[in-house]
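Subject: Handover of a structure

Hello,

Here is the structure for you to take over. The notes on what was found in it come after the display.

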Amino acid sequence: MSATISQKHPRGLYVLFFAEMWERFSYYGMRAILLLFLLDNVRGGMGMSAAEATAVYGLYTASVYLLTLPGGWLADNILGQKKAIWYGGIIIMLGHIILAIPAGSAIFFLGLTTVAVGTGLLKPNISSIVGELYPEGGARRDAAFSIFYMGINLGSFLGIAIVGYLGEKVNWHMGFGAAAIGMLLGLIVFRIGSATYLKGLGDVPPAKEVSKVNAGSQSGSNKMIGYGLIALLVVFLIVLQISGTIDMSTAQGLAQGAGVIIVSISAAYFLFILVAGGLTRVEKYRVGVLIILFLAIALFWAGYEQAGTSLQIFAERHTDRIIGGWEVPSSWFQNFQPTFVLIFAPVLASLWISLSSRNRNPSIPVKFAMGLILLGLSFFVMVAASKIAVTGDLASPLFLTFTYFLHTIGELCVSPVGLSSYTKLAPKRYVSQLMGIWFVGASLGNLIAGIFAGGFDEKNILQMPALFNQVAIITTIFGLVLLVFWKPIKGWMGGIS
């Protein structure tokens, strides 16, 4: 069986698989207990309100993905992907070690910041190398990203199970320390495996492979445009603060300000490469498709990442968790997502290949539409569950189980396909930067998830059905719009499938 697999995919894929698995162990394990730690006022947590805690959670998870943009730039222009992955992993490990120190809020937020910086450096570049293993593209590359995605979710499962249990049942900081050990294992795997199976990949920054004529003729004016956009953004934020539109002295205000920053940076970046990026006509159309996928993925993650916010609160406070007299840790409900991915990722990967062999493989916009519609349906399930909760009864765990099942099938239609599509559609000299933009879309979604969950306070319990209903309707409508316009969007892709 292993010989057959190795013939189909290069061994470098499995080096990246296990390196990413341990990195995701550290990230998702810590994330599983983060909101609970921020809310806890009994076992040494931060004792924040729901609005504060979810805003901090949203800021952190958004920052993790937002920092992939400078991380991608550093890899493209200075470090190369391999060095970016290596240094990023070291920084992540140091961040988790800091979080394991019970030394007050200042040290804790320093640890969160350190983890976010390291993840921003590592995350986009490891995905870029996966794409480089398959220069021919096609369904085989999509299948490889689905396998890679299984590594992400295996790490997520182990992290949530181990770190979640240690944090909730033993000690919060012991859980954070276990996340550091996971990242150390990831570094060991990558260091040993990359020397043998990833030779010649990710060593030279892509920008240095482009001729000086193509890459550097407009560098001075490009820098001036970039600095001008940053200056305008800073002025805009100051105006919002002075006018009282946003109060960035609070966690909620900072989250709103971060939302303005993310949207502004993303819009400016897309405008910048379209106008001053030296793109051909075909490349501009493909970047147009990437913009549509960016909006879709931001909306998808805004719903999907409720797993760590509103759905985590629902599991903790409104779900029956007693099995045989033992109370299941509420963070373990987040493990339904990676478990279902591990079960169904091979099924969908095989399905895409089978359909492709018969020229019936759904196009990228159709798969995105399917994912958004399934996500919308999952929140209609939570509307029903929340109607039980508002009566004072505990909801059956089957509601969250089925919600996460629909989340997972939707995710498998969107995330591995989206990762693959960004590596295929992005102009080569911008590939890591645009992979960063892909994760910036995830950043925006995570931030929205955190801000949205601030409404899930005990005082606002009667609003739960309406809040879940909003997510259900918006995501379903966007999915239907993509389904209607899939043909012109596919035309913009210029023959890439």
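Tyr 304 counts as buried, at 5% relative accessibility (buried means under 20% relative accessible area, exposed over 50% and partly exposed in between, with a 1.4 Å probe and protein chains only). This is a predicted model, in which local features need pLDDT of at least 70 and side-chain atom pairs count only at pLDDT 80 or more, while totals for chains, interfaces and linings use all residues. Residues are numbered from 1 along each chain as its sequence is written, and side-chain values use heavy atoms, with hydrogens and water left out.

Overall figures

The protein chain has 20 helices and two strands (DSSP runs numbered from the N terminus, H or I of at least four residues for helices and E of at least two for strands). Of its 497 residues, 57% count as buried. The accessible surface of the chain is about 19,900 Å², and 68% of that belongs to carbon and sulfur atoms (Shrake-Rupley method, 1.4 Å probe; for residues, only the protein chains shown count as cover). Among contacts with a separation of 6 or more, 82% are between residues 24 or more positions apart (contact means heavy atoms within 4.5 Å).

Core

The largest nonpolar core contains 142 residues (a set of buried Ala, Val, Leu, Ile, Met, Phe, Trp, Tyr and Cys residues joined through side-chain atoms within 4.5 Å). Those with the most contacts inside it are Leu 16, Tyr 60, Phe 314, Phe 368, Tyr 422 and Leu 434. Helix 2 (residues 11–39) supplies the largest share of this core, 19 residues. Leaving out residues up to four places away in sequence, Tyr 422 touches Phe 270, Leu 290, Leu 293, Phe 294, Leu 434, Met 435, Ile 437 and Trp 438.

Aromatic pairs and charges over rings

The structure holds 28 aromatic pairs (rings of Phe, Tyr and Trp, the last by its six-membered ring, with centres within 6.5 Å; planes under 30 degrees apart are stacked, over 60 edge-to-face and the rest tilted). Phe 300 and Tyr 304 form a stacked pair, because their ring centres are 5.6 Å apart and their planes are at 20 degrees. These two residues are four apart in helix 13 (residues 281–304), so about one helical turn separates them. Phe 300 is buried at 0% relative accessibility.

Phe 340 and Phe 344 are a tilted pair, with ring centres 6.4 Å apart and planes at 45 degrees. They are likewise four residues apart, in helix 15 (residues 336–357), with about one helical turn between them. Phe 340 is buried at 14% relative accessible area, whereas Phe 344 is partly exposed at 23%. Both belong to a cluster linked by ring pairs, which consists of Phe 333, Phe 336, Phe 340, Phe 344, Phe 402, Tyr 404 and Phe 405.

Two charges sit over Trp rings. The charged end of Arg 43 is over the ring of Trp 172, 4.6 Å from its centre, and Lys 367 lies over the face of Trp 352, 4.1 Å from the ring centre (NZ of Lys or CZ of Arg within 6 Å of the ring centre and within 35 degrees of the ring normal).

Helix 3 (residues 50–66) has 17 residues and reaches 23 Å from first C-alpha to last, close to the expected 24 Å (1.5 Å times one less than the number of residues). Of these residues, 13 are buried, so helix 3 is largely enclosed by the rest of the structure.

Individual positions

Asn 359 is in the loop between helix 15 and helix 16 (364–389). It is exposed at 74% relative accessible area, and it has a positive phi of about 55 degrees although it is not a glycine. Most residues other than glycine have a negative phi.

Gly 44 lies in the loop between helix 2 and helix 3 and is exposed at 52%. Its C-alpha is 8.0 Å from that of Trp 172, 128 residues away along the chain. Beyond four places in sequence, Gly 44 touches Phe 37 and Trp 172.

Ala 179, in helix 8 (residues 172–197), is buried at 0%. Apart from neighbours within four places in sequence, it is in contact with Phe 25, Ser 26, Met 30, His 96 and Val 163.

Regards
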